[in-house]
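Visitor: I would like to learn how to read an interface between chains. Please walk me through this one.

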Amino acid sequence: VNQPASDDEELQGRVIEQIVELQREFYFENKDKTTERRRRLREIIERATPSRDD
Amino acid sequence: MWLEKITVKDFRCFYGEQSIDLSTDPEKNVTVVHAENGVGKTTLLNALLWCFYGMTTARFEKRDDLLHYDAIAEGRHSAFVEVLFEHNENRYRARRYAMDGAKPEEYREFTIMRLDQGHSVTLERPDTFINTVIPKGMASHFLFDGEHAEVFLGEDNRSRIRGAVQDILGCTLVETAIKDLSETATYYRRQMPTTRASANMTEISSRIDALAGQIQTAQELRDRLKGEIEVIEQQIADIDENLRNSAAAKALQSQRDSAARELARARKRETDAQDEVLRWLGDNGRYLVSTRITEQTFEHLQTQETKGRIPSPYNEEFVRDLLDMGRCICGAPLHHGTEAYASVESMLQKAANATLRSRLSSIRARLSQLKSERQSAPGKLDAANKRLATARQEISSYEAELAEISGKLAGIDLDEIAVREAKRNELRKTANEKREQIGTINFRIESAEADKGNAEKELKRLAENDADARIFVRRYSLCETLKGRLERDLQEEEKAARGVLRAAIRKILEQTGRKAFRLQMTEDYGISLLNEAGTQLPKSSGENQLLGLAFTAALVEYARVRQNAEDYRLLKGTVAPLVLDSPFGQLDEEYRKTTAEYVPRMAGQVVLMISRSQASGGVIEALRERIGEEYALVRKNKDSRGSRAREIRQFHGKDVEMATFDDPFDGSAIVSVSAS
């Protein structure tokens with residue numbers, strides 16, 4: 001029986017989608033810019049885990 | 001994708017503008033390029049890769065020297081490769097330039113034009129487009145280098161095979177995401193100690209880094225040892241094959257094969273019996289320790305039932321019916337608010353309902369089962385233990401037999417049998433030592449992973465108590481969780497891919513091989529062929545030569561199957577031409593013929609590059625009906641012939657001189673030798 005995904009799992013699923021989309025963008029553009037890609041990945045993580053001041 | 005034409009201009013050994021038209025006829029889907037070594041086969045193969053992705057294979061020497069020397073000497077400063085192709089019913093022209101002395105960013109290096117009737121449209125993002133046609137990671141797997149097919153048997157084959165499977169599976173995005181998440185998790189962890197948290201956190205964080213380093217080093221060492229063991233196993237397989245073919249050792253080796261097979265079976269029985277004992281203890285151990293409790297509970301239930309107390313002497317449904325009807329079974333009326341009504345209603349507190357009855361019934365059933373299992377339990381354990389003892393006895397007996405055979409072989413002073421046997425024993429000893437080392441390393445890895453896990457928990461606990469560090473803990477944890485999810489997903493996808501590839505390779509080997517053998521592909525991508533006795537086939541066997549080709553064919557087929565894959569995390573597969581460079585390796589004539597018959601079925605469009613010796617043994621005859629275009633690469637020399645003999649080959653009744661002299665340039669020329 002499929003259990004409904006918890007909120008956490010749903011959030012993780014959405015974040016994974018964004019991360020894969022980011023990887024796809026860099027892959028198809030032949031961009032070999034690891035630093036830039038990881039900076040953008042941190043932005044995704046930080047949007048998903050806002051601090052109280054955000 | 002279907003390739004229509006490749007044009008090269010002043011590219012490497014190809015002087016001036018030269019082209020090759022590829023067969024696009026599905027019935028005659030093979031284009032053959034005849035060329036001896038050093039005339040430009042590898043250059044032609046690399047021209048395709050370079051045009052589409054600006055990359056070349058690892059074996060392409062002097063990869064920055066792309067312009068033809070004589071062209072430079074004559075004042076020309078650019079070279080190009082142009083590929084005309086069809087994709088999804090559209091035609092395209094891709095062209096990549098190399099300019100002498102200029103950096104790629106200083107000119108428009110790569111363009112793709114879509115050719116519509118009468119006009120053309122330049123695509124804005126040619127790199128993106130070509131990656132959707134054939135993802136860069138998959139491209140190199142459509143180029144098979146037969147002279148280096150030993151990659152499938154070499155020491156580092158596991159990681160390369162895994163890489164190939166992952167490339168065709170299209171998990172490049174997930175893989176990069178996992179690496180990025182790992183780096184990002186480390187980034188957040190390192191941020192923690194820079195907050196107001198204690199110095200203790202700095203120390204724990206450094207310890208985690210050190211443990212991660214230790215784990216990685218140990219894993220690398222373990223992989224290296226596994227590769228070394230594989231090489232040793234191959235050497236042992238080669239010795240065994242040699243002994244099988246030696247008249248003096250044949251019978252003993254056959255006896256050894258048989259004993260080794262029996263030993264493997266006995267070991268399997270030992271493992272099964274051991275598992276059964278452990279499983280039994282897990283499942284039934286409680287029956288032994290719970291004897292008294294089971295007895296007492298069962299007796300209590302029985303007594304209470306006899307007395308009518310369990311379940312309750314009356315049912316909830318029955319009491320409710322009386323109250324609803326407003327009449328007791330004795331005939332007295334039951335009106336709401338009367339003493340009689342309250343008295344009957346109070347019975348509901350003790351009444352048994354359907355759920356209670358069902359629970360009691362299942363408790364009774366479980367207790368009965370416990371009793372009967374307990375009675376039969378020791379018998380089952382005894383039987384498993386007996387099987388274990390028998391298996392161990394058999395193992396000792398087969399080991400003794402193998403040692404005896406080895407002793408006899410070591411005593412045969414003929415055909416270097418004794419020397420080979422001594423070498424074999426030495427190899428086995430070394431392999432066992434390495435296996436022991438792997439055992440120790442595994443223990444070290446497990447222990448370091450446990451320490452790392454504890455240190456991470458401790459760090460999280462400390463950071464949770466520090467307001468400034470808490471946010472980094474959340475981010476770190478999220479990265480780790482996502483990484484874990486993606487790793488699990490990837491493992492599942494790879495498992496499925498391995499199954500598909502294994503089946504495809506088996507099918508191909510069945511169609512091309514002539515002996516019965518079994519393909520083995522382990523979870524960590526160790527790939528080998530076993531004979532009926534379960535021992536590895538020697539590296540030099542024709543079957544192993546075929547393995548590389550079968551693996552490539554299976555990858556190409558899997559890429560085709562995946563061309564419409566829906567998973568957003570994975571890149572779609574593709575249909576692309578297969579370029580085979582000297583695919584027949586050292587195959588004997590019979591194998592060449594059956595393999596050549598299979599080549600046209602390996603992909604929709606095939607380009608086959610072969611030398612004179614590769615083309616012998618009925619290869620061309622086997623392919624004849626499927627060849628659409630045929631070319632020869634001719635070596636051009638500025639030097640005069642001198643005393644060199646003429647090298648002439650005949651194609652469809654026409655003589656073609658494969659090396660010419662007193663030419664205006666040094667290099668290669670593409671000459672059509674098609675039947676038409």
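Guide: Start with polar contacts, pairs of N or O atoms within 3.5 Å; within protein, one must be able to donate a hydrogen and the other to accept it, and residues adjacent in sequence count only if both atoms are side-chain atoms. Across the interface of chain B and chain A, 12 residue pairs are in polar contact, both at pLDDT 80 or more. This is a predicted model: local features need pLDDT of at least 70, side-chain atom pairs count only at pLDDT 80 or more, and totals for chains, interfaces and linings use all residues. Residues are numbered from 1 along each chain as its sequence is written, chains are lettered from A and ligands numbered from 1 in the order in which they are written, and side-chain values use heavy atoms, with hydrogens and water left out.

Visitor: Which helix of chain B gives the largest share of the side that touches chain A?

Guide: Helices are DSSP runs (H or I, at least four residues), numbered from the N terminus. α6(B) gives the largest share, 11 residues.

Visitor: How many salt bridges are there between chain B and chain A?

Guide: A salt bridge puts a side-chain nitrogen of Lys or Arg within 4 Å of a carboxyl oxygen of Asp or Glu. The count here is two. B:Asp180 pairs with A:Arg37, their closest N and O atoms 2.6 Å apart.

Visitor: What area is buried between chain B and chain A?

Guide: Buried area is the accessible area (1.4 Å probe) that two parts lose on being put together, summed over both. Here that is about 2,800 Å², with 61% from carbon and sulfur atoms. B:Leu173, B:Asp180 and B:Tyr568 supply 20% of the area that chain B buries against chain A, more than any other three residues.

Notes: Helix = DSSP H or I, 4+ residues; strand = E, 2+ residues; numbered from the N terminus.
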